[in-house]
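I opened the notebook to look up how this chain is built and where it leaves open space. The entries are in the order I made them.

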Amino acid sequence: MKLKRNLFTILFLTISAIGIAQDYKNELKKEFNDYLSTIVNMEFEKSMEYIVPEFFEIIPKSQMIKVMKMTFNNPDMEFEIKNPKILKVNDKKEIEKKYYSLLTYSNQMNMKIKGEEGETKDEKTTRINLTKLSLESTFGSENVVYNEKTDFFEIQSQKDVYGISENGEKNWKFLVIEKKQKMILEKLLPKELSEKI
């Protein structure tokens with residue numbers, strides 16, 4: 001009987017621990033989805049609340065908002081983000097009194113670059129081909145499709161992002177991982193994480 005009770009206790013504690021472990025992942029997913037939603041809905045000021053505050057010591061918040069507005073509201077370009085999806089959430093790790101969890105997410109970006117007024121057919125073809133080459137070098141040729149009917153480039157994008165929290169449970173802030181921004185990321189991430197970029 002005692003063995004049965006001990007096994008039951010161990011089983012209960014294991015199930016409880018797994019349940020607690022999933023709670024922070026659910027909270028992390030919820031907060032990241034909230035962040036993505038602010039970007040999809042072009043609520044740029046609100047989206048800044050989800051970014052690690054130290055990032056703004058390098059690039060001021062006002063400048064970030066300005067760049068985002070210029071990108072999304074550029075009269076020469078139509079731009080939209082669709083179908084954001086979290087693909088994976090890694091277990092959190094405590095480093096230097098903060099918790100870090102690596103997420104992988106994907107979305108589709110639709111982009112249309114408008115041609116000059118009076119653009120010839122050859123000029124349009126050249127513009128489309130150059131844009132396609134540029135996008136393929138950034139996202140990979142398998143992730144870029146040009147839709148001739150709509151004149152939009154449909155880009156599948158997959159990115160990694162760190163969720164960072166003081167307590168490892170909630171109030172997660174996010175830092176998107178871009179290899180081209182490694183110098184900035186090295187200032188914001190512990191060495192053992194920035195070395196993996």
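**Entry 1, the chain.** I noted that the model is predicted. I counted the secondary structure and got seven helices and six strands. Along the sequence I read the order as α-α-α-α-β-β-β-α-β-β-β-α-α. Of the 197 residues in the chain, 35% are buried.

**Entry 2, strand 3.** Why is strand 3 largely enclosed by the rest of the structure? I found that 13 of its 16 residues are buried, so the rest of the structure largely encloses it.

I then looked up the partners of strand 3. Strand 1 runs antiparallel to strand 3 and is joined to it by 10 bridges; Lys85 stands opposite Ser106 there. Strand 5 is also antiparallel to strand 3, over 13 bridges, and Tyr100 stands opposite Ile164. Strand 2 (residues 93-95) has three bridges to strand 3, again antiparallel. These two strands form a hairpin with two residues between them, and Glu96 in the turn has a positive phi of about 50°.

I recorded a volume of about 1600 Å³ for the largest pocket. It is lined by 50 residues, and those closest to its centre are Tyr105, Lys159, Val176, Glu178 and Gln181. Elements that give two or more residues to the lining include helix 1 (2-40), strand 3 (98-113) and strand 5 (152-165). I sorted the lining into 31 nonpolar, 13 polar and six charged residues.

Key. Residues numbered from 1 in each chain as written. Predicted model: local features only at pLDDT ≥ 70, side-chain atom pairs only at ≥ 80, totals over all residues. Heavy atoms only, no water. 1 Å grid on protein atoms, 1.4 Å probe; cavity = no way out; pocket = protein on both sides within 12 Å on 5 of 7 lines; lining within 4 Å. Points joined across faces, edges and corners; volume = space filled by probe spheres on them. Helix = DSSP H or I, 4+ residues; strand = E, 2+ residues; numbered from the N terminus. Nonpolar A, V, L, I, M, F, W, Y, C, P; charged D, E, K, R; others polar. Buried < 20%, exposed > 50% of the residue type's maximum accessible area, 1.4 Å probe, protein only. Pairing = 2+ DSSP bridges.
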